[in-house]
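Me: Please take a close look at a single part of this structure and describe how it packs against what surrounds it.

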Amino acid sequence: MKNIIPALDKCVLFKNISKEEIEALLKETSYNINTYKKDEIIALEESKCTNLGMILEGKVEVQKIFPSGKVIALNNFSEGNIFGEALVFSEKNVYPSTIVSTDDTKIMFVQKNDIIKLCSRNDKFLNNFMTVLSDRILMLSGKIRNLSYETIRKKVANILLEEYKKQKTVFLTLPYSRKKMAEMLNVQRPSLSRELINMKEEGIIDFDRNVIKILDVNLLEKCMFN
């Protein structure tokens, strides 16, 4: 048990909880730890979600796999993150997407009843759990809002303005590739590249790989209304 406490200390659910408290909570909690090789499936779309997963090591990717074989990456989670926190409490507790390890990964699974016990035993854990749920809802709301914009330029402008608010600098280091950005915006990658080039030629932005510089914030904001 002691060898997983350093990893759990980085987990969002154990934020502001001491290692001694974590150890005491684990002694009263049932859990399983599974390991996965790179590209191994952790959960299939439409399979039952009966556990919350805490990533102790490695990385996972949430994928939508189409009948044609095309795969779209919807999200990525790394050490310290969790998944299944909402599904495990849902009446329709099935995975809407497939979860795949993108590195050698170790995951701690905790069942629904044990999550309830952890929440009742520790107020900080309860607060962290509710914070994660709230943040995920806000993130999903933002994604839905972004998809509602009718042009690629508005979608690009919106996501860059959101990053500008978070990073508080005009030099934006995007935490995803151009391919992932296109998938997030639900547009074709060549179309995204053309729009970025157009915005660069108009003096709105400049870019080099995954770093984008906002040259004129006002012009970028105007893109949302044109």
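Reply: Helix 5 and helix 7 are roughly perpendicular to each other, a label given to angles of 65 to 115 degrees. This is a predicted model, in which local features need pLDDT of at least 70 and side-chain atom pairs count only at pLDDT 80 or more, while totals for chains, interfaces and linings use all residues. Residues are numbered from 1 along each chain as its sequence is written, and side-chain values use heavy atoms, with hydrogens and water left out.

Helix 5 (residues 152-167) and helix 7 (residues 189-201) pack at an angle of about 75 degrees with their axes 10 Å apart, the axes being lines fitted to C-alpha atoms over the stretch in contact and the angles running from 0 to 180 degrees between N-to-C directions. Ile 152, Arg 153 and Val 156 of helix 5 meet Ser 191, Leu 192, Glu 195, Leu 196, Asn 198 and Met 199 of helix 7, where contact means heavy atoms within 4.5 Å. By class, the residues of this contact are five nonpolar, two polar and two charged.

Within helix 7, Ser 191, Leu 192, Glu 195, Leu 196 and Met 199 are buried, that is, under 20% relative accessible area with a 1.4 Å probe and protein chains only. They cover an arc of only 135 degrees around the axis, which puts them on the same side of helix 7; the arc is taken from the directions from the helix axis to the C-beta atoms. Besides helix 5, the buried residues of helix 7 pack against helix 6 (178-185), strand 10 (205-208), strand 11 (211-214) and helix 8 (217-222). Just after helix 7, Gly 203 adopts a positive phi of about 75 degrees.

Definitions and conventions. Helices (H or I, at least four residues) and strands (E, at least two) are DSSP runs, numbered from the N terminus. Angles under 35 degrees count as roughly parallel, over 145 as roughly antiparallel, 65 to 115 as roughly perpendicular and the rest as oblique. Ala, Val, Leu, Ile, Met, Phe, Trp, Tyr, Cys and Pro count as nonpolar, Asp, Glu, Lys and Arg as charged, and the others, Gly among them, as polar. Buried means under 20% relative accessible area, exposed over 50%, partly exposed in between (1.4 Å probe, protein chains only).
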